[in-house]
Amino acid sequence: MLKENWPEPLVRDIARRRAIFVIGSGVSRHALGIDKITRPPVWKRFLNDAAKRFPRGPETEHIYEAIESGELLHACEWLKNRYDEDWTAYLRSRFTDPRYAPGKLHELIALLDTRVVFSLNFDDIYENKSREINEASQFTKNYSDADVCEFLRNDARYVVKVHGNLASPATLIFTQEDYARARIKHSLFYSAFDAALMTHTFLFIGCGYGDPDVNLLLENQAFSAEPNSINPHYFLTSDNISEDMKRSLRKNRNLKTLCYDKIDDNHSGLVSAIENLYNRVTDARSELLESNNW
């Protein structure tokens, strides 16, 4: 459960579909493979597992040290180079082959029906569940699509793949080099992302706070406005973040931190927190319907 009440401005913006969810590997983690055991790996676990192909020694020590110290982009780049042409097959073995079924969390996020969801994940677990619940009028767009910006003004539902997807492995954003190239080559998408940050409230679910492109956009916007002149975006986490870090995220990225009790290693507390949010939003939408104040 959330350790505090859901902020009223966030509930209101979701109810009016003026919010965008950003979902990361912590959301995918709630899916289960066909064996009812395997779960999609979170980012650091994925890299640790990938590194096991290369025994720890003088030639690979820097990779293990990079993972341990949080230099995940560099570690990923070095692992990708070592895997060479087998990299795509390895990715699919971890994110596609287990045939993951969506969990309760995916269902709740889809039922919240925010119209636009940004996914940092390569898998299509959320898209499949959302399409099942919302049926027609859902489109999946990659950051690299020429028409990706249509999510800003169209009235359909969109899942925007911020880092690409496994259907097009060549466009996946994995490494420092990938991020730099995408910023230049696909600047139209980043302009649309920046515009959405101005017009919508963002809620980050199952994400870390180390994505370089997302951080750059948040920081640019945070320092373009006077302090406290615009409402914050929201970062949902179970981590025991220090008060200093919370203040830094609010000051430098205009992110307000919301903490939930994870309860167990599978973060069932996140499901409870989002279920409570769903109930709050449902009540708010009922009130809007009665008042006709859309």
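Asp113 turns up in the loop between H7 and S2; helices (H or I, at least four residues) and strands (E, at least two) are DSSP runs, numbered from the N terminus. The model is a predicted one, where local features need pLDDT of at least 70 and side-chain atom pairs count only at pLDDT 80 or more, while totals for chains, interfaces and linings use all residues. Residues are numbered from 1 along each chain as its sequence is written, and side-chain values use heavy atoms, with hydrogens and water left out.

Asp113 is not a glycine, yet its phi is positive, at about 50 degrees. With 9% relative accessibility, Asp113 counts as buried (buried means under 20% relative accessible area, exposed over 50%, and partly exposed in between, using a 1.4 Å probe and protein chains only). Lys36 is another non-glycine residue with a positive phi, here about 65 degrees. Its place is the loop between helix H2 (25-28) and helix H3 (43-51). Is Lys36 buried or exposed? Its relative accessible area is 63%, so Lys36 is exposed.

Helix H13 itself covers residues 268-291. The expected span of a helix is 1.5 Å times one less than its number of residues, so the 24 residues of H13 should span 34 Å, and the 35 Å between its end C-alpha atoms agrees with that. Quite a list of H13 residues is buried, including Gly269, Leu270, Val271, Ala273, Ile274 and Leu277. Further along H13, Val281, Ala284, Arg285 and Leu288 are buried too. An α-helix has 3.6 residues a turn, so residues three or four places apart point the same way. What do the buried residues of H13 pack against? Their partners are helix H1 (8-15), H2, H7, strand S5 (201-205) and strand S6 (233-237).

Next comes Ile20, found in strand S1 (residues 19-23). Ile20 has a relative accessible area of 1%, so it is buried. Setting aside neighbours within four places in sequence, Ile20 is in contact (heavy atoms within 4.5 Å) with Val116, Phe118, Ala196, His200, Thr201, Phe202 and Leu203. Ile20 and Glu127 are 107 residues apart along the chain, and their C-alpha atoms are separated by 15 Å.

How many cavities of 30 Å³ or more does the structure hold? There are two. On a 1 Å grid over the protein atoms alone, a cavity is a set of points where a 1.4 Å probe fits but cannot get out, and lining residues have an atom within 4 Å of a point. Grid points are joined across faces, edges and corners, and a volume is the space filled by probe spheres set on the points.

The largest cavity has a volume of about 70 Å³. Its lining is made of 14 residues, with Arg115, Val117, Tyr126, Ser130 and Asn134 lying nearest its centre. Helix H7 (104-112), strand S2 (116-119), helix H8 (125-134) and strand S4 (157-161) are the elements that give two or more residues to this lining. By class, the lining of the largest cavity splits into seven nonpolar, four polar and three charged residues; Ala, Val, Leu, Ile, Met, Phe, Trp, Tyr, Cys and Pro count as nonpolar, Asp, Glu, Lys and Arg as charged, and the others, Gly among them, as polar.

The second largest cavity holds about 30 Å³ of space. Among the residues that line it are Val162, His163, Tyr179, Tyr190 and Phe193. Helix H10 (187-199) and helix H11 (212-222) each supply at least two lining residues, and H11 gives the most, with three. The lining of the second largest cavity has six nonpolar, one polar and two charged residues.

Finally, the rings. A search of the whole structure turns up 23 aromatic pairs: rings of Phe, Tyr and Trp (its six-membered ring) pair if their centres lie within 6.5 Å, and planes under 30 degrees apart count as stacked, over 60 as edge-to-face and the rest as tilted. Phe46 and Phe95 form a tilted pair, 5.3 Å centre to centre with 45 degrees between the planes. Phe46 lies in helix H3 and Phe95 in helix H6 (residues 87-95), so the pair ties together parts that are 49 residues apart in sequence. Phe46, at 0% relative accessibility, counts as buried, and so does Phe95 at 11%.

Conventions:
1 Å grid on protein atoms, 1.4 Å probe; cavity = no way out; pocket = protein on both sides within 12 Å on 5 of 7 lines; lining within 4 Å.
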